[in-house]
Amino acid sequence: MITFESVTKRYPGGTVAVDSLDLEVPGGQTMVLVGPSGCGKTTTLRMINRLIDPTSGRILLDGQDIQQSNPDTLRRGIGYVIQQSGLFPHKTIEDNIGTVPLLLGWKKGRARDRARELMGLVGLDEDLARRYPYQLSGGQQQRVGVARALAADPPVLLMDEPFSAVDPIVRATLQDELLRLQAELHKTVVLVTHDVEEAIKVGDQVAIFRPGGHIAQLDRPERLLRAPADGYVENFLGFDRGIRRLSFLAASGLSLDDRAVVSEDTAASRAADAARQAGEDWVLVTDSGHRPRGWAAASDLEGLPAGSQAGQARLEPYGHTFDVRTDSLRAALDATVLSPTGQAAGVDDDGQVVGVTTYERLRAAIQAADQAAPAADRDSGGPAGARDGIEASGETSAPAGTEPQSPAPEKAS
Amino acid sequence: MNWAQVPTLIWESAYLGIVPALLGLVISVPLGIACTRWKWLYAPVLSTTSVLYALPSLALFIVLIPYTGLTDTTVIIPLTLFSLCVLLPAVVDGFRSVPEPVRQAATAMGFGTTRRLVQVELPLAVPIVIGGLRVAVVSSISLASVGQLIGVSSLGYLIVDGYQRDFPEEIYVGGGLIIALALICDLLLVLLRRVLTPWRPRRARRQVEPLPIGVPVRPLPGGAA
């Protein structure tokens with residue numbers, strides 16, 4: 001855990017980079033510091049490993065005042081990743097990664113073994129071990145940077161705009177990798193970025209800085225999107241936050257309609273009746289394995305000769321489906337918007353249809369999540385329970401996660 | 001002219017070319033480090049080396065003779081002082097060429113100042129320092145021939161002797177050998193740099209070096225090693 005106690009950094013000349021900052025970074029979580037340039041976020045980060053010393057205030061690392069420790073010793077226990085990777089051009093990849101272990105006095109062989117182990121962890125081919133940094137792509141260099149920071153297994157990882165120098169596709173991959181690594185390693189990560197999308201994607205907590213070295217809001221990403229503290233935060237979060245927030249709400253909170261889902265061998269007339277009963281113009285026809293085949297119009301089913309089966313009707317493509325257990329409401333909404341019928345199929349892990357969405361059901365799920373959220377905020381700092389409020393509606397509810405504490409759905413993709 | 005003495009003359013010229021450059025390097029590295037750390041120091045120190053460079057070598061020899069006599073030392077001291085004018089900026093530029101993120105990463109990983117200097121900054125300064133060394137060696141080799149005027153032997157002997165005996169061929173041979181020796185030393189330094197910096201991209205290696213004389217740099221025959 002990292003604690004800032006009214007930390008101020010004033011530069012000679014009077015510029016105040018950070019102004020009596022209080023901040024607590026819980027152990028094992030990712031804290032993202034985000035804000036426009038000159039807001040003090042990078043200064044804040046660099047004070048943690050004493051690249052910059054505060055003018056006043058204290059910074060505690062697991063209760064120890066870092067000002068009391070030797071800077072070099074302190075830094076060897078804190079991983080550091082920077083924008084341009086900062087790799088040593090004159091060292092091979094394995095020696096770059098082994099830097100801190102060697103500083104700590106490991107034998108060269110052991111450091112190299114550790115380097116190769118880490119290359120595997122960050123998704124680098126071992127063949128690259130003997131190469132020099134210039135022989136690697138920007139994305140690969142950044143992976144080496146992460147591996148190097150992790151080499152001595154430090155509990156704390158500082159990342160200063162780690163992905164801003166690579167192209168957007170590589171950036172997204174690296175962000176996913178960070179999430180995967182973090183799920184495995186549970187480091188205390190402090191990451192600085194100016195990209196609010198990145199902050200929302202990778203942060204457990206996001207601190208939005210405003211110019212002058214103040215925190216405008218510190219919250220979980222979902223809560224930032226739902227309830228920005230003021231106009232500055234709202235403006236900073238940008239367009240689309242209502243939709244983006246749906247990424248944090250589980251699709252399992254959605255009540256799906258299974259009445260208008262029929263098997264392909266159902267009599268056409270019964271299929272048409274099912275649609276009418278559900279109040280819809282379409283039924284979703286499935287194959288014998290209960291996987292979606294396509295949408296049949298009720299009017300088309302009624303026009304088929306007597307004795308026909310639903311599978312013989314003209315079927316509209318069903319578009320893409322969403323997984324009711326792992327996907328978010330955003331995925332469900334997207335599938336619904338793209339579907340020719342304005343309805344989308346939710347499937348289980350085996351691809352079998354659970355039921356179909358409607359806009360009305362999506363609206364209800366979002367509303368329920370909104371009502372449940374403030375209560376969840378009060379109960380704990382944990383993930384908002386979006387899925388609890390909705391299951392009383394009597395119809396088929398998606399199999400809500402068997403483990404109620406399961407983490408929130410995939411973050412924004 | 002006596003061909004048998006030519007190998008000795010070549011050796012003496014090489015000695016008078018290389019030793020001052022190396023001594024200059026030994027002085028320039030700590031001086032350059034100091035000038036990098038205390039930036040205000042650089043301008044006055046650099047001006048001093050320029051003034052030294054402007055001194056006529058013959059005048060310096062004459063000043064030194066009462067102290068060091070008609071020895072190699074009398075030639076080596078001025079040439080060493082001259083080399084500073086090239087080597088000090090090379091060392092300082094070499095340190096400045098270390099990318100800031102690299103320096104910062106080294107600090108953030110817990111390199112102390114000295115360790116960072118030795119393990120990170122010096123190795124990265126090598127290409128530019130060797131660039132300076134090439135100029136220093138080449139100019140020392142040619143300047144050393146002036147030492148012949150006070151009797152310190154080198155390839156300059158062939159020029160002085162040829163002039164005194166009105167024997168132009170000897171002068172041409174002397175001049176040609178000095179140029180050839182300078183080119184060979186220069187080429188050896190290029191090779192040394194390649195060996196010391198396997199980590200440089202090939203493209204950078206092929207770049208024309210900032211040198212006052214044109215030195216044929218042959219591209220490596222294929223392969224990035």
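**Figure 1. Helix 1 and helix 6 of chain B cross with axes that come within 8 Å.** In this predicted model, helix 1 (residues 6-37) of chain B meets helix 6 of chain B at a crossing angle of roughly 145°, and the crossing of these two helices is right-handed. On the side of helix 1 of chain B, the contact is made by residues including B:Ser13, B:Leu16, B:Gly17, B:Pro20, B:Ala21 and B:Gly24, while helix 6 of chain B contributes B:Leu133, B:Ala136, B:Val137 and B:Ser140, among them. Sorted by class, this contact between helix 1 and helix 6 of chain B comprises 12 nonpolar and 4 polar residues, with no charged residues.

**Figure 2. Chain B has 9 helices and 0 strands.** Followed along the sequence, chain B reads α-α-α-α-α-α-α-α-α, and 38% of its 225 residues are buried.

**Figure 3. Chain B touches chain A through 15 residues, which are in contact with 19 residues of chain A.** Helix 5 (100-108) and helix 6 (113-144) of chain B each supply at least two residues to the side of chain B that touches chain A, and helix 5 of chain B gives the most, with 6 residues. This side of chain B is made up of 11 nonpolar and 4 polar residues, and no charged residues are found in it.

**Figure 4. Six strands of chain A form an open sheet in the order 6-7-8-3-9-10, with mixed pairing.** The edges are strand 6 (78-82) and strand 10 (214-219) of chain A, each of which pairs on one side only, and the twist from one strand to the next averages 15°. Within this sheet, strand 3 (residues 30-34) and strand 8 (residues 188-193) of chain A are parallel and are joined over 5 bridges, with A:Val32 standing opposite A:Leu191 in strand 8 of chain A. Helix 1 (residues 41-48) of chain A lies across strand 3, strand 6, strand 7 (156-160), strand 8 and strand 9 (205-210) of chain A, and runs at about 150° to strand 8 of chain A.

**Figure 5. A:Ala147 and A:Val190 touch the most other members of the largest nonpolar core, which has 117 residues.** Helix 4 (residues 72-96) of chain B gives the most to this core, with 14 residues. Apart from its neighbours within four places in sequence, A:Val190 is in contact with A:Ile2, A:Val25, A:Met31, A:Leu33, A:Leu45, A:Ile48 and A:Leu158.

Figure 6. Strand 13 (residues 292-297) of chain A runs antiparallel to strand 14 of chain A, to which 2 bridges join it, and A:Trp295 stands opposite A:Glu316 in strand 14 of chain A.

Technical notes. Residues are numbered from 1 along each chain as its sequence is written. Chains are lettered from A and ligands numbered from 1 in the order in which they are written. This is a predicted model: local features need pLDDT of at least 70, side-chain atom pairs count only at pLDDT 80 or more; totals for chains, interfaces and linings use all residues. Two residues are in contact if their C-beta atoms, placed from the backbone, lie within 7 Å. Helices (H or I, at least four residues) and strands (E, at least two) are DSSP runs, numbered from the N terminus. Ala, Val, Leu, Ile, Met, Phe, Trp, Tyr, Cys and Pro count as nonpolar, Asp, Glu, Lys and Arg as charged, and the others, Gly among them, as polar. A residue is buried if 20 or more other C-beta atoms lie within 10 Å of its own, exposed if 12 or fewer, and partly exposed in between; C-beta atoms are placed from the backbone. Two strands pair if DSSP finds at least two bridges between them. A nonpolar core is a set of buried Ala, Val, Leu, Ile, Met, Phe, Trp, Tyr and Cys residues joined through C-beta atoms within 7 Å. Axes are lines fitted to C-alpha atoms, for helices over the stretch in contact, and angles run from 0 to 180 degrees between N-to-C directions. A crossing is left-handed if the near helix is turned anticlockwise from the far one by less than a right angle, and right-handed if clockwise.
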